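Hi there,

Here is the structure I promised to pass on. My notes on it follow below.

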Amino acid sequence: GAMAPMNRDTIVAIFLLLGCGVLIWATFDIRQPDYGVLMPSTWPRVILAVLSVLCLIYLVQSIKAGPNDAETAVARDLGLIGLVRYWRNPIICFVMFFLFLLTLPVLGMLIGGLVFVFLLMSLLGGWAPKQLLAHAVISVCTVGTMWSLFTFGLEVMLPEGMIFNPYAN
């Protein structure tokens, strides 16, 4: 018989796994210095291995779930507006990430990360005052913790912006 249409999660999981594969392959181009105990490619590979396992679980679960009625209807009606509506959240994520990268030289990692996480959560989760407060708290806690861990714990200089440069003497 004909192959059943894949659901959106299956397609996303496949692309995520392909992305992980490309990134793992790219770690072999990381320069290996002849000093230090730990290779510079170690942490990226560990993180990518965990991410790959999670994406594989996501793929298996999405295949088991199969397409739902709404996805089947969209697969039949492939109009541009229908596709944009169907892929709305992933499109928002990619556009926001592109804008984050574009503004990184000006905003820097800390301010840019805070704005990115807050706006993305609000675009996807809603703009009610209670939600905005939760989004602000989550943004400050997650981005602040990540930034502090890299800056103070690992002593990695993350991209600084024109607005706030924590590394200036």
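Before the rest, a word on conventions. This is a predicted model, so local features need pLDDT of at least 70 and side-chain atom pairs count only at pLDDT 80 or more, while totals for chains, interfaces and linings use all residues. Residues are numbered from 1 along each chain as its sequence is written, and side-chain values use heavy atoms, with hydrogens and water left out.

**Overall picture**

The chain has 6 helices and 0 strands, in the order α-α-α-α-α-α along the sequence. Helices here are DSSP runs of H or I with at least four residues, strands are runs of E with at least two, and both are numbered from the N terminus. Of the 169 residues, 21% are buried (under 20% relative accessible area; exposed is over 50% and partly exposed in between, with a 1.4 Å probe and protein chains only). Among contacts (heavy atoms within 4.5 Å) with a separation of 6 or more, 59% join residues 24 or more positions apart. The accessible surface is about 12000 Å², and carbon and sulfur atoms hold 75% of that (Shrake-Rupley method, 1.4 Å probe; for residues, only the protein chains shown count as cover).

**Helix H1**

Thr10, Ala13 and Cys20 are the buried residues of H1. They line one face of the helix, because their directions fall within an arc of 80° seen down the axis (taken from the helix axis to the C-beta atoms). Part of their cover comes from H2. Phe15, Leu18, Val22 and Trp25, on the other side of H1, are exposed.

**The loop and H2**

Ser41 sits in the loop between H1 (8-26) and H2 (42-65). Is Ser41 buried or exposed? Ser41 is buried, with a relative accessible area of 0%. Leaving aside residues up to four places away in sequence, Ser41 touches Thr27, Ile30 and Gln32.

There is also a nonpolar surface patch with about 950 Å² of accessible area together, whose members include Val37, Trp43, Val50 and Ile57. Patch residues have over 30% relative accessible area and no salt bridge, with like charges joined within 9 Å and nonpolar side chains (Val, Leu, Ile, Met, Phe, Trp, Tyr) within 5 Å; a salt bridge is a side-chain nitrogen of Lys or Arg within 4 Å of a carboxyl oxygen of Asp or Glu. Ile57, in H2, counts as partly exposed at 44% relative accessibility.

Best wishes
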